[in-house]
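Let's walk through this model together, starting with its aromatic rings and moving on to its open space.

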Amino acid sequence: MNQAEIGKFIAKCRKDKKLTQAQLADKLNITDRAVSKWETGKSMPDSSIMLELCQILGISVNELLSAETVDQENYERKADENLIALKRKDENHMTKNILFSTLFSATLVIAIMVCLICNIAISGALTWALIPISSIVFAWVISFPVIVSGKKGILISLISLSIFIIPYLYLLSRFTKTEQVFTIGSAMAVISVAFLWIIAGIFSRIGKSRKFLAFGITFLCAIGFLILVNAILFKMIDEPLFDIWDILTACLLLVLAFVSFFCDHKYSH
C-alpha cells in the first residue's frame, strides 16, 4: 500500500469528477489542506471518512487502497493484499504506541521512586513526597489515553480530568494542609474543565471544516473565561478585578480572534 500512489489516484479521481480540492473538502466537511496532504502523499484519509470519500469519487475502498481501478478478476486478490497491509500498519502503529506509553509510564515510576527515596532518606518518613507523587499519578491518569490512542484518546482524557480533578485537589489540600488549595482550586477547576469541554465541542462541530472559525470562537470564549476567573478570584481572595496584564491578554485574544475570523472568511469563500 503506497501512500504516494494513493494520493495520486485520489487526485486523478477528483479531476475525473471535475471537482476542485476545495469542493471535495466541502463535501467531506474537512479543509482543502487535508485533501492536499492526501494527494501529495503526506497523509492518508481517515477511516471515518474513507467510505464517504470513495462514494464521492465513484470508487471502492479496495480501489482506493490499491491506488488503481481494479477489475473483477483481481478484485479479491487486491482486497486481501489491502487488508494485510492495513493490518500491518495498525500493528506497527499499536506497537509504537505501546512502546511509547511503556517508556512514559516507566519514567513516571522512576520519578515516584526518586521522590520516595529522597524523602525517606532526608526526613525518615513520608512527608513532602506525597505532593509530587499525587501530582505524577494524576498526570499519568489524564495523559495516558492520549499517549496510547492519540487524538482518539482526547475525549477519554477529558472525561478523566473531569472526574479526578476535584479528588486530586482535595488530596493536595490535605497533603499541604492548606484549605485554599481545595476551595479556590475547585472553583478554578470547574470553570476550566467547562471551558475545555466548550472548546472540544467547538472543534468537534466545526473544527474539521473550518478550523480558523473554530479558533476565532475559542479566542472569544477565552476572553469570557478570563473575566470569569478574575471575578471569582476577586470575590474569594479580594484580588484586583483587572490589572494591566489582564487587559493586555484580553486585547491579544481579541486580535487573535479577529485574525482567525479574517482567515476563515478568506479561505472558506
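Ring pairs join Phe203, Phe215 and Phe219 into a cluster. Here, rings of Phe, Tyr and Trp (its six-membered ring) pair if their centres lie within 6.5 Å; planes under 30 degrees apart are stacked, over 60 edge-to-face, and the rest tilted. This is a predicted model, in which local features need pLDDT of at least 70 and side-chain atom pairs count only at pLDDT 80 or more, while totals for chains, interfaces and linings use all residues. Residues are numbered from 1 along each chain as its sequence is written, and side-chain values use heavy atoms, with hydrogens and water left out.

Across the whole structure, a search finds six aromatic pairs. In one of them, the ring centres of Phe138 and Tyr168 are 4.3 Å apart and the planes are at 5 degrees, so this pair is stacked. Because Phe138 sits in helix α7 (residues 130–149) and Tyr168 in helix α8 (residues 154–176), the pair ties together parts 30 residues apart in sequence. Helices are DSSP runs (H or I, at least four residues), numbered from the N terminus. Both Phe138 and Tyr168 are buried, meaning under 20% relative accessible area, with exposed over 50% and partly exposed in between (1.4 Å probe, protein chains only).

Now turn to Lys37, found in helix α3 (residues 32–39). Its relative accessibility is 40%, so Lys37 counts as partly exposed. Lys37 and Gly7 are 30 residues apart in sequence, with their C-alpha atoms 8.0 Å apart in space. Leaving aside residues up to four places away in sequence, Lys37 touches Lys42 and Ser43 (contact means heavy atoms within 4.5 Å).

Key. Helix = DSSP H or I, 4+ residues; strand = E, 2+ residues; numbered from the N terminus.
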